[in-house]
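My notes follow in the order I worked.

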Amino acid sequence: MSKKLAEGIDSLVLDVKIGGASTTESYEEAEWLARKMVEIGEGMGVDATAVLTEMDTPLGYAIGNSLEMIESLECIRGNGPDDLEKIVAVQGGILLCGAGIASSQQEGEEMIVKTFKDGTALEKFLQILGNQGVEKQILELLRKGEYDKVFAKANHVENVSAKLSGYIEAVDAMAIGKSVVLLGGGRQLPEDPIDPAVGIKLLMTKGDKVQKGDILAEIHHNGKLSETLRKRIEDAFLIGDQEKPLKRVISVVRHNVATEEYDVYRNLR
């Protein structure tokens, strides 16, 4: 909070995660943390809002440095995963309402999505990169979507397939994240190098219906993939007979107001 408040901001939207891949695994813990941070913001004269979001399931489809950068760029092109676009639109919409630019939460979210579709979000991001010294040649490659010429690419891609038919009831985000670390995409020790090319790309996620043999994910790696690690990634997918849709945005916490379910908040604002 101190770094954010030191910027001299007027409004702040916080994304507070809930779930197995978060530091706050229960709803009660996350709501308490969110309310404390909102109170700190308000005490410093900042209009603060916290959005509680689910983090049992990986956000979007990409896990890994290069893969996530590509997915982020695709999101601001309007081609991103639904859950990632939703979080960005909801939190951006709250800021637009707070700034008086949007007259309602729904309008704010629609304005954010419009910038994805019409290209203005991408152009603004490229402008920011240019102001920070990124070469014009790189900016043009990103504009064209020629990512292979900009980002590191793994030498090997192996698939993980469904062992049975049904619905994906869960995808263990912590297991997936730790697997990417073991692939070399994160550090186990401070001195460990990071391989930006490796990672896991989901092709299906929680709530999706699958048939035996369907490809669930791609493993991007630069070495020999051990059977132990492959099984760990396979086991991160729980397939059963119950359809359990992914609900990414859960509720909204504001100062001196009871926590509201997101759908309630959206309809009232």
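Entry 1, strands. I started with strand β5 (residues 166-171) and found that two bridges join β5 to β7, with the two strands running antiparallel. I noted before going on that this is a predicted model.

As a reminder to myself, strands of a sheet pair through backbone hydrogen bonds, either parallel or antiparallel.

Entry 2, a helix pair. Two packed helices are described by the angle between their axes and the distance between the axes. I looked up both values for helix α6 (residues 120-131) and helix α7 (residues 136-144): the angle is about 165°, and the axes are 10 Å apart. Angles over 145 degrees count as roughly antiparallel, and α6 and α7 are therefore roughly antiparallel to each other. I also wrote down the hand of the crossing of α6 and α7, which is right-handed.

Rolling a probe the size of a water molecule over the atoms shows where empty space is left. I recorded about 310 Å³ of space for the largest pocket. Which residues lie nearest its centre? I listed Met-55, Leu-59, Ala-62, Ile-63 and Glu-68, out of 17 residues that line this pocket.

I next sorted the lining of the largest pocket by element. β3 (62-63), α3 (65-75) and α8 (173-185) each supply at least two residues. Helix α8 gives the most, with five residues. By class I noted ten nonpolar, three polar and four charged residues in this lining.

I recorded a volume of about 240 Å³ for the second largest pocket. Its lining has 14 residues, and those nearest the centre are Asp-82, Asp-83, Lys-86, Leu-246 and Arg-248. Which helix gives the largest share of this lining? I found helix α4 (residues 82-98), with three residues. For the classes in the lining of the second largest pocket, I wrote down five nonpolar, two polar and seven charged residues.

How values were computed: Residues numbered from 1 in each chain as written. Predicted model: local features only at pLDDT ≥ 70, side-chain atom pairs only at ≥ 80, totals over all residues. Heavy atoms only, no water. 1 Å grid on protein atoms, 1.4 Å probe; cavity = no way out; pocket = protein on both sides within 12 Å on 5 of 7 lines; lining within 4 Å. Points joined across faces, edges and corners; volume = space filled by probe spheres on them. Helix = DSSP H or I, 4+ residues; strand = E, 2+ residues; numbered from the N terminus. Nonpolar A, V, L, I, M, F, W, Y, C, P; charged D, E, K, R; others polar. Pairing = 2+ DSSP bridges. Axes fitted to C-alpha atoms, helices over the stretch in contact; angles between N-to-C directions. Parallel < 35°, antiparallel > 145°, perpendicular 65-115°, else oblique. Left-handed = near helix turned anticlockwise from the far one by under 90°.
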